[in-house]
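The structure comes first, and the description follows.

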Amino acid sequence: MGFIMWLRRLAALKKTLGVPLKGSILLRAMISVAIDSDEPFYTIVSFSAFSFIFLGGLQLDYVITFSVMLGFFGLSAFGDSVRVLLAYQGATSLADVVVTSNIMESKMRNRTVTTELKPGNVYEDLGRGRTIVLMVFVTQVILISFVVTDIYASETHNCRDGSSGCPVVGTFGSWGFYVLGIFMACVFLLGPKTSFGQSEQNPAYWLQLLLAAKKTGAQCTWYDPVADKHKTRILSPNDYKVWARFFMSFLINGVGFHILVHALPIQVATQSSLTGVVFRAVGMMYLVDLDDTPGYTLRIVEAEKPAPKINKPIETAEPVDVKVDAAEQPMHIHNNAELNAEAQMIIDEARAKLEALSRGEIAPRKQLTAGVLLLAGAEIDNGIGSKADDVEEGGANESGAEDGGGPDESMDMDTGADDGGAEN
């Protein structure tokens, strides 16, 4: 039944992701649907199934079965770390990582260059001094080792009636306590202790931190209320202090947590009193919570990827010789003085012709009128307005003389002469 539910969860995750499941993405998806506790019923079914399988093995051979259980606990603890490392290897930043867990996605929705992380234990809190971190780590390792050693040596225990040498889960009372321990372990996995199904190892936190540090130059800042100032730490891909904290978190919140939770039914089954059951459950919670404390809120700023520098020589255009025929070259007037002198000379010549025309010394011609008007326009362009007016009036007289005929022609010429005299 648990396997069928696992296949159904994998198919549902494939639809949710919308990307092909292959390679590392497929492996991470298979791990996520197996170890995530986002569906309480699936977690209860899968945990109970393995616990009852181990129950049968403990009744047959306690030592061998418990050794197998330790190996299983270690492998199951690798799930969170493996999917974090695979995602770290396959992505270059937070923006392009493919998250294959619904629980992790809920914590990584706002993936930007600037990310705020809230540590949940001393191993995640980069602002916490290494002395206290090492002290907590050593203490937890010692206490968890004591628990494992005690369980391994507790092949028999005292029964509730006071008789000694009773095999673990070999009596009805011990078997009942074992079943009660399964229920208590499910409460720890799905209840407030783990924020209702969150992984104790917090893979979303480590994935964001490691991917941010993957870009050299990323900064981690936090406010220290004791020193009353902001502190900054430069992250790097090979920061051994960050990787050391990740390894310590894996050992305690990964392997250690799984041993304590999965071995809780055995611990409860070895008790001969109800108070002993309570002590075992409370002691297990204390060991798990020993490192849990809210840390400084960390503000992670990823380093921007610098633009690649291209050492390209500057290309200069080669001069091009353009040959133009002399006939096609335009004539240029070099300066305004030459232009004015030439225009004045043409205008004077035109005025002389007009005066001669008014006196009847030359015959009128239509071409003269057009040429005079053209020269008058050129003179206006060069700022000689008054002289242009003279030319226009002269042109008008010429036109009158040209249109006239017979006896009236001399009268028109005389009128033009009078106009010219008045103009002068």
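In this predicted model, the buried residues of helix α8 are Pro203, Ala204, Tyr205, Trp206, Leu207, Gln208, Leu209, Leu210, Leu211, Ala212 and Ala213. Helix α8 covers residues 203-213 and is mostly covered, with 11 of its 11 residues buried.

Helix α6 runs over residues 130-152. Buried in α6 are Val133, Val136, Phe137, Gln140, Ile144, Val147, Val148 and Ile151. An α-helix has 3.6 residues a turn, so residues three or four places apart point the same way.

The helices against which the buried residues of α6 pack are listed below.

| Partner of α6 | Residues |
|---|---|
| α4 | 62-90 |
| α9 | 240-262 |
| α10 | 264-269 |
| α11 | 274-289 |

How are α6 and α9 placed, and at what angle do they pack? The angle is about 25°, and the axes are 11 Å apart. Angles under 35 degrees count as roughly parallel, so α6 is roughly parallel to α9. The crossing of these two helices, α6 and α9, is left-handed.

On the α6 side, the contact involves Val133, Leu134, Phe137, Gln140, Val141, Ile144, Val147 and Val148. On the α9 side, these residues meet Arg245, Met248, Leu251, Ile252, Gly256, Ile259 and Leu260. By class, the residues of the contact between α6 and α9 are 12 nonpolar, 2 polar and 1 charged.

Terms used:
Residues numbered from 1 in each chain as written. Predicted model: local features only at pLDDT ≥ 70, side-chain atom pairs only at ≥ 80, totals over all residues. Heavy atoms only, no water. Helix = DSSP H or I, 4+ residues; strand = E, 2+ residues; numbered from the N terminus. Expected span 1.5 Å × (residues − 1). Buried < 20%, exposed > 50% of the residue type's maximum accessible area, 1.4 Å probe, protein only. Contact = heavy atoms within 4.5 Å. Axes fitted to C-alpha atoms, helices over the stretch in contact; angles between N-to-C directions. Parallel < 35°, antiparallel > 145°, perpendicular 65-115°, else oblique. Left-handed = near helix turned anticlockwise from the far one by under 90°. Nonpolar A, V, L, I, M, F, W, Y, C, P; charged D, E, K, R; others polar.
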